[in-house]
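Welcome! Please take a look at the sequence and the 3D view below, and then read on for a short tour.

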Amino acid sequence: MLSSSTASSLRLHQPTRPHRRRPPSPPASHQFRSPASRRHLPSVRARRGGGGTIRAIDAAQPFDYESRAAGLLEERQRLKIAIVGFGNFGQFLARTFARQGHTLLAHSRSDYSAAAASLGASYFQDPHDLCECHPDVVLLATSILSAEAVLRTLPLHRLRRNTLFVDVLSVKEFPKNLLLTSLPEDFDVICTHPMFGPESARDGWDGLPFVFDRVRVGDSPARRARADVFLNIFEREGCRMVEMPCADHDAHAAETQFLTHTVGRMLATLDLQPTPIDTKGYETLLRLVDNTCSDSFDLYNGLFMYNKNSTELLNRLESAMDSVKKRLFDGLHEVLRKQLFEGKASPPTNKNAGDVRRKPLLLEGNAASSPPTPNNTAVHLK
């Protein structure tokens, strides 16, 4: 047996049972956190028998309403857009639509199935198949001359009753009246004109004007939101958004667009070529020819036929050319009169007609052997 002193010694050296401490209370700032602010704090669940399970709250939970709401919001920002008229300009717009994540459908009279596939768009040769996909937006991107005929081929009864129609034609009053008279009253209509194309926007859309008119948009929040989402496509790219009535657009476009195309096509008939001594102004003229003539003549013809302001502007342009020619020929006539009736040449009084001081103007005929007189001088002026 152990002595009492030995037993006492053993009791003194026995390991004591560890004291279980409670975890410290969280700071006061943590006690009143909202559920959203406590998402990133781990949760410790005690089990019977000791130990705990650490579970991250920021992982996807079965009832994570915040994540679900964010997903629904992102989904609502994406549209199913049917592009009717998948030519050069339709494909130009489709590239940006696809990059922003919108679902694209395409239809055209020509076969652009390969081009559509390269952009991730579904191509439909039959317009009935296109409309049965129930797009959110039908984008009319045909030529101005064929817009009415193409619209008549669409089976509108296969679309949803509140489908949004948008046109991107270069004139605005004509498509506005066409859509309002051809579509059911429940359909929404927005007339737009991107004031740029593949050539002028090759470096992006930032700062370029985008004109639009909310011709008819329903009062429901969903229909207003859909219109805003579509317009936001161009706003996200940095376009300068210009809301303007269709009539005002056509009045301005006659000068900013039809005049530009007219001058460019007039210069194209001269077959201008670069030279070793090109000035900056001449280089600008060559670029104008390239930019305007890269578009089809149907586009230019549509700018003339379907904008009532174009005829007046064309008459003004012709009158301006006649005025310039008159000033030139008036100065020339004055020099000729001096030669014919006074036997000498003097500078014209018109300061814009030029400076003629070197020698008398040589006219057709034998002007070198005899002084010019009415009998031996032939003057041909238009």
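**A tour of the sheet, the cores and the surface**

Strands E7 and E8 run parallel and are joined by four bridges. They belong to a predicted model, in which local features need pLDDT of at least 70 and side-chain atom pairs count only at pLDDT 80 or more, while totals for chains, interfaces and linings use all residues. Residues are numbered from 1 along each chain as its sequence is written, and side-chain values use heavy atoms, leaving out hydrogens and water.

**The sheet**

- Eight strands make up an open sheet with mixed pairing, in the order E5-E4-E3-E6-E7-E8-E9-E10.
- Strands here are DSSP runs of E with at least two residues, helices are runs of H or I with at least four, and both are numbered from the N terminus.
- Two strands count as paired if DSSP finds at least two bridges between them.
- At the edges lie strand E5 (122–123) and strand E10 (240–243), each pairing on one side only.
- Strand E4 (residues 103–107) pairs with E5 in the parallel sense over two bridges, and Ala-106 has Tyr-123 in E5 as its bridge partner.
- E6 and E7 are also joined in the parallel sense, over four bridges; here Leu-139 has Val-166 in E7 as its bridge partner.

**Two strands with buried residues**

- Which way do the residues of E7 point? Leu-164 and Val-166 point one way, Phe-165 and Asp-167 point the other way, and all are buried.
- "Buried" means under 20% relative accessible area, "exposed" means over 50%, and "partly exposed" lies in between (1.4 Å probe, protein chains only).
- In E8, Asp-188, Ile-190, Thr-192 and Pro-194 point one way, with Val-189, Cys-191 and His-193 pointing the other way.
- Strand E8 (residues 188–194) is largely enclosed by the rest of the structure, because seven of its seven residues are buried.

**The nonpolar cores**

- In soluble globular proteins, nonpolar side chains tend to be buried together.
- A nonpolar core is a set of buried Ala, Val, Leu, Ile, Met, Phe, Trp, Tyr and Cys residues joined through side-chain atoms within 4.5 Å.
- The largest core has 34 residues, and those with the most contacts inside it are Ile-81, Phe-97, Leu-139, Phe-230 and Phe-234.
- Among the elements giving two or more residues to this core are strand E3 (80–84), helix H4 (88–99) and helix H9 (221–236).
- Helix H9 supplies the largest share of this core, six residues.
- Apart from this core lies another, of 32 residues, including Cys-131, Leu-154, Leu-179 and Leu-313.
- Not counting residues up to four places away in sequence, Phe-234 touches Leu-93, Phe-97, Pro-194, Trp-205, Phe-210, Cys-239 and Met-241, where contact means heavy atoms within 4.5 Å.

**Two loop residues with positive phi**

- Most residues other than glycine have a negative phi.
- His-134 has a positive phi of about 55° although it is not a glycine. His-134 sits in the loop between helix H6 (127–131) and E6, and counts as partly exposed because its relative accessibility is 34%.
- Asp-271, also not a glycine, has a positive phi near 55°. Its place is the loop between helix H10 (246–268) and helix H11 (280–293).
- Is Asp-271 buried or exposed? Asp-271 counts as exposed, because its relative accessibility is 55%.

**A residue of helix H12**

- Met-305 lies in helix H12 (residues 297–305), and counts as exposed because its relative accessibility is 51%.
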